[in-house]
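Hi,

Here is the structure I said I would pass on. Have a look at it first, and my notes follow below.

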There are 2 protein chains.
Amino acid sequence: MSVDYVNMLPREARALIREGKFTKQTSGICAGYAQANLAVLPAEYAYDFLLFTQRNPKSCPVLEVSDKGSRELKFIAPGADIARDIPRYRIYKNGVLDGEYTDTASFWRDDFVSFLIGCSFSFESELLASDVPVRHIEEDRNVPMYITSIDCVPAGIFHGKMVVSMRPLAHDQIVRAVNVTASMPRVHGAPVHIGDPAVIGIRDINKPDFGDSVTINPGEVPVFWACGVTPQSVIMSVKPSIAITHAPGHMLVTDVKNSLLKF
Amino acid sequence: MSVDYVNMLPREARALIREGKFTKQTSGICAGYAQANLAVLPAEYAYDFLLFTQRNPKSCPVLEVSDKGSRELKFIAPGADIARDIPRYRIYKNGVLDGEYTDTASFWRDDFVSFLIGCSFSFESELLASDVPVRHIEEDRNVPMYITSIDCVPAGIFHGKMVVSMRPLAHDQIVRAVNVTASMPRVHGAPVHIGDPAVIGIRDINKPDFGDSVTINPGEVPVFWACGVTPQSVIMSVKPSIAITHAPGHMLVTDVKNSLLKF
């Protein structure tokens with residue numbers, strides 16, 4: 001009998017992940033529950049990074065910050081082990097990818113602080129529920145992402161350009177999409193730009209910097225949202241001695257329902 | 001000729017305040033512009049306090065955090081001098097009030113970090129614009145505030161009970177008041193409680209812990225919002241070596257329009 005990951009509870013999925021029985025991408029599992037980006041930094045970087053998230057809430061909507069050294073999450077996933085409950089991690093040393101792991105417990109340090117950041121998976125499920133189509137899901141690709149000319153607001157050592165994700169929409173879908181996502185500020189909120197990619201420094205909409213290109217049909221308008229890749233990009237640019245993140249698409253499944261991210 | 005403080009621009013008001021020509025409460029001046037609570041702490045406390053605000057966004061909606069040692073605000077009041085542009089300051093040493101000043105420049109230190117926190121003045125003006133009456137304004141009193149039994153989420157050394165403000169409303173005004181304030185999460189957002197004060201640990205609604213008692217007419221329901229006194233109360237309870245705050249009612253007038261706090 002095949003396992004029904006879609007209707008599994010988050011704590012059940014995290015248990016399977018912790019046991020090494022689920023190591024794939026988490027897109028679509030535990031339907032209705034929010035997933036989160038992970039960024040783990042030594043405490044020496046934590047204040048500057050927390051201030052960066054405060055100053056850039058659309059790119060970096062923080063769902064929870066762990067206590068220093070703790071692998072527990074008290075609010076969005078009680079009982080989770082941050083070091084083990086994500087299917088695949090990346091460890092960066094001095095800004096360079098050092099390896100991928102399914103368990104990072106042996107690397108954990110007493111000075112690590114974990115930042116869990118909202119993910120566009122949450123607002124995509126609300127878009128679909130409101131009959132706004134999501135092209136990259138239709139085409140079974142990764143969302144196209146672009147480095148823009150928009151400067152993030154710097155904080156301490158952290159600075160860089162905003163990364164955006166793009167979803168092409170018909171004119172009569174745009175207002176609905178703005179309203180649905182504006183109501184979810186904890187998962188990137190309303191779009192940052194609608195229309196001409198050149199306005200935000202994107203030269204070729206068919207050549208995303210990350211993810212895959214998707215079809216834009218005649219009459220459709222590209223709509224851009226602040227993207228959770230921004231904080232990872234910004235972290236890597238300052239080359240911290242060590243940083244642990246989730247591997248792309250391999251997120252933390254939280255106990256928070258997407259619909260509750262509106263409040 | 002009397003000065004028209006109501007229709008003055010914020011930068012004009014701040015200039016008068018800096019010159020010592022305006023030292024009164026700021027309620028009602030620069031109509032339409034947000035005012036902010038101030039809490040200045042040495043950097044050693046800044047990470048724990050910033051994390052406290054992240055974990056308690058309804059009590060501590062941060063509008064801006066200064067860079068360490070800087071008296072400038074880049075976003076909500078460019079050109080302002082944090083140490084001089086508030087009409088009246090309080091300095092606390094080891095949690096005890098040490099003095100009130102109209103200028104704190106001579107006390108400033110290179111390790112000070114300033115937190116500017118949203119203020120209920122902003123949502124009160126939106127309530128009035130939506131024909132929801134605000135009793136303490138009608139009665140020309142200070143808003144009644146109560147220490148509740150609701151624990152704030154602790155962060156590092158900071159912990160304590162949530163302080164709430166109360167406005168009595170008729171039944172047919174409550175839904176409107178919830179909607180108006182829910183749309184303004186950067187100034188405390190939706191109410192935290194509606195109705196029976198005992199549920200949140202308030203024994204006598206006629207004896208507020210801070211501010212003044214107001215009339216509750218037959219059929220009216222007390223409605224409670226998280227209050228910006230919470231962060232001050234929490235800061236004082238840990239007795240920092242030094243802290244500078246605004247004096248009650250003497251706020252920083254920002255360049256941010258109240259109506260833009262909805263976005």
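**Where the chains meet**

Seven residues of chain B and seven residues of chain A make up the contact. Keep in mind that this is a predicted model. On the side of chain B that touches chain A, the elements giving two or more residues are α2 (46-55) and β2 (62-65) of chain B. Of these, α2(B) supplies the largest share, five residues. And what kind of residues sit on that side of chain B: nonpolar, polar or charged? There are six nonpolar residues and one polar, with no charged ones.

**The sheet in chain A**

Now to chain A, where you'll find an open sheet of four strands. The order is β6-β7-β9-β8, and the pairing is antiparallel. At the edges are β6 (145-151) and β8 (193-194) of chain A, each of which pairs on one side only. For a specific spot, Tyr146(A) has Val164(A) in β7(A) as its bridge partner.

**Helices on the sheet**

Which strands does helix α5 of chain A touch? This helix (residues 171-182) packs on the sheet against β7, β8 and β9 (221-226) of chain A. The direction of α5(A) makes about 10 degrees with that of β9(A). Helix α6 of chain A (residues 229-237) lies across β6, β7 and β9 of chain A, and α6(A) runs at about 155 degrees to β7(A).

Cheers

Key: Residues are numbered from 1 along each chain as its sequence is written. Chains are lettered from A and ligands numbered from 1 in the order in which they are written. This is a predicted model: local features need pLDDT of at least 70, side-chain atom pairs count only at pLDDT 80 or more; totals for chains, interfaces and linings use all residues. Two residues are in contact if their C-beta atoms, placed from the backbone, lie within 7 Å. Ala, Val, Leu, Ile, Met, Phe, Trp, Tyr, Cys and Pro count as nonpolar, Asp, Glu, Lys and Arg as charged, and the others, Gly among them, as polar. Two strands pair if DSSP finds at least two bridges between them. Axes are lines fitted to C-alpha atoms, for helices over the stretch in contact, and angles run from 0 to 180 degrees between N-to-C directions.
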